[in-house]
Amino acid sequence: MSRKPRRWFLRKRLLLPGMALAAGLFCWFLLPLCIPLPASLSENPMASPVLLDRNGQPLHRLVLPDFTRSSPVALEEIPPDLIACTLAAEDRRFRSHGGVDLLATARAGKDALLHRRAVSGASTITQQLIKLSSPPAERGLRTKIREALLARHLEMKWSKDQILVAYLNRLPYGNHRSGPAEAARFYFQKPLSDLSLAESALLAGLPQRPSFLNPIKYPQRAISRRDVVLGRLAKLESQDPKTISAAVQEPLQLRPLPENPVAPWLPNALATWGNGEVPRCTIDRDLQADVETIVHEELAKLTTSNLKHAAVVVLDNRNREILALVSSGNWRDPNGGQINGALAPRSPGSTLKPFTWLLAFEKGGLHPGSIVADIPTRFRTEQGLDAPENFDRSFRGPVSVREALACSLNVPAMRALNEVGGPRPLHELLLGLGLNSIGPDFRAYGLGLTLGNAPVRLIDLTNAYATLAQEGEHRPVVLFPALKQEPPQKLFEPQPAYLIADIISDPIARAPSFGRNGPLEMPFRCAAKTGTSSDFRDNWCLGYTAEYTVGVWAGNFDNSPMKQLSGVAGAGPIFHRTMERLHRDHAAIWLEQPPGLIEVKVDPLTGKSSATGLTTLVPADRLPLPAATTDRDAEGKVLLDPTYAEWLGSAHNRRRSEFALASDQASPLPLRILAPREGSTYILDPELPNGGLLHLATNLPGLADWSSSTLTLSPGQPEPVARLTPGQHTLIATDTRSGAKHEVRIKVEQR
């Protein structure tokens, strides 16, 4: 062989390895630097926003945009056992390789060639960190090469500790938890520093297959994986065999976080009340938890009464901050448990009556000792003739305003509303108080508005009662105090508001209807009012002290009725226990009496001042008239005007020893025809069940003498009945007191 070929051959033997070495060095050191690292690596992992209560206690760890929860930690917060277990499970040569484990890669390649499929992985922690930080990509050779190059790039820029802590904080541990701190909190309810070796090994094994190894669903799988991790750890010379053996024998003691956290409705409220941020809220965590327990326990007592749901709102009267809010009583109930009962419009029953009587104090010249009539009364409404009854279907005759409100009488409330101008002023007041769910048209409700025929939300009604407690100063409710607050509005004066509070805090006044020592009575003075909607579909109880207002609704979100359950028996016990809990640690404070109110003695039968009467508060500029001898007959019975004639002669009158009719005393009310309406047309149809009969009605039954020249009138209760015939007819009601005649013309057609 010539010398020239020999030189070329020697040069080739040197050149090829050199080129290979250069290429290897280029790929190992230079090429990785040409590929930019994932942008997300430049930022620390996001921590789940934590919603805090008013005292800084955590209420909710909210989910991140990827629906996971995370609590990133620094390296020094991660216990050595968890680091050792993680390295044993995922990358035992992490401290010695340069981002790519060449030995593991060679082994994986050999296994793949032998078995013609991927048998074992070779990804290092650094490569896994790159994968976790990169957008999802199709798994293939190209993706693996890219991750390997980026791993090299990262290893040349970051220390091993930086890589390790970034990796751990991004690791998925199952159940939508990322990072070891959040995993320890979720599975064991303990900080990382308190983890045992066995618990560390369990957590270290989960990221391999988080769903498959879920220790809550598949505890045996998780234990088997834990033991694999401990077995790998045992092969390290630095580990004590006895410690490893004890960890293997340690039983699995999971304490997963409960799925019914305190105030489960709160995260959804961020969209309603929040401004996109996660501030501290006004809820008191301890109070919230106690009220939720109260609701749960009281609902359990009433399951046989078909009561499934309840909502509670607790307000601080001064600033209207929501201290506690229970949305349904059982958030996990599949039948409406996640409906927020505090925000759902429902029929409020008698809980609107205090606002009617407040108007009567302001506009009608009444005071708590004034006498009002609880007698059969007919009202003309948009829907026709209305003859309301009290809840017990009885009428008490003359009653004081105190008794009418405290005993929640329907008829006096409707009469009072009628006297102050009908439903319009009450509708305007309720809208001013923020009860916007009643809508803009008062005519749809008529006088029944005071009985609760308009839908209201518990949170709004509770705030309206807080305005009563603050003697007319109204402001919106607050859940996130960092938000801008609106200035308060003055809706009514302190005097009538205090008189309302004085009445509904009087247990003696409510005793005739509600008895004594029931849920509405507290060990301290407390205003309280209940309400029950028609057919027992809604229970309410609202009340306040000077500091707090509590509102309770109880019922069923499917609108099914409860079994004869009133507001006292349904919502009342929840109200009672909640109010007691509020004042558990300090004495309750009652409202400060405003100036201009004085105590006078009033005869409870006449409403006039009397030295032997009952003491009541009245405005100093509205003193009752003094009692007179003409108020009573020779037997000492109080004389009533003819307005009471029907009641006096009825079975409802159980007070015959107290009252008599003054035949020479004119009724203060003018006679009005309520039915039929002027110009009405009636159709005679043989298929209709009424047989062509028309019931006549005035506002003063017994004081009208009905007649008609074209229709036959028959006696009826409480007023006559006309038998209709085709044609034009005139009906005349003659006032027996004055002889004044009132006419109404109707038309009758035959179908």
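Here is a short walk through a helix, a sheet and a cavity of this structure. The model is predicted, so local features need pLDDT of at least 70, side-chain atom pairs count only at pLDDT 80 or more, and totals for chains, interfaces and linings use all residues. Residues are numbered from 1 along each chain as its sequence is written.

Let us start with helix 8, residues 197-205. Helices (H or I, at least four residues) and strands (E, at least two) are DSSP runs, numbered from the N terminus. Buried means under 20% relative accessible area, with a 1.4 Å probe and protein chains only.

Next comes a sheet. Two strands pair if DSSP finds at least two bridges between them. Here 4 strands form an open sheet in the order 21-28-27-24, with mixed pairing. Strand 21 (681-684) and strand 24 (704-707) stand at the edges with a single partner strand each, so one side of each has no neighbour in the sheet. Strand 24 runs antiparallel to strand 27 (residues 727-735), and 4 bridges join them. Trp 706 has Ala 733 of strand 27 as its bridge partner.

On a 1 Å grid over the protein atoms alone, a cavity is a set of points where a 1.4 Å probe fits but cannot get out, and lining residues have an atom within 4 Å of a point. Ile 375, Arg 415 and Trp 647 are among the residues that line the largest cavity.

Methods: Side-chain values use heavy atoms; hydrogens and water are left out. Buried means under 20% relative accessible area, exposed over 50%, partly exposed in between (1.4 Å probe, protein chains only). On a 1 Å grid over the protein atoms alone, a cavity is a set of points where a 1.4 Å probe fits but cannot get out, and a pocket is an open set with protein on both sides within 12 Å along at least five of seven lines; lining residues have an atom within 4 Å of a point.
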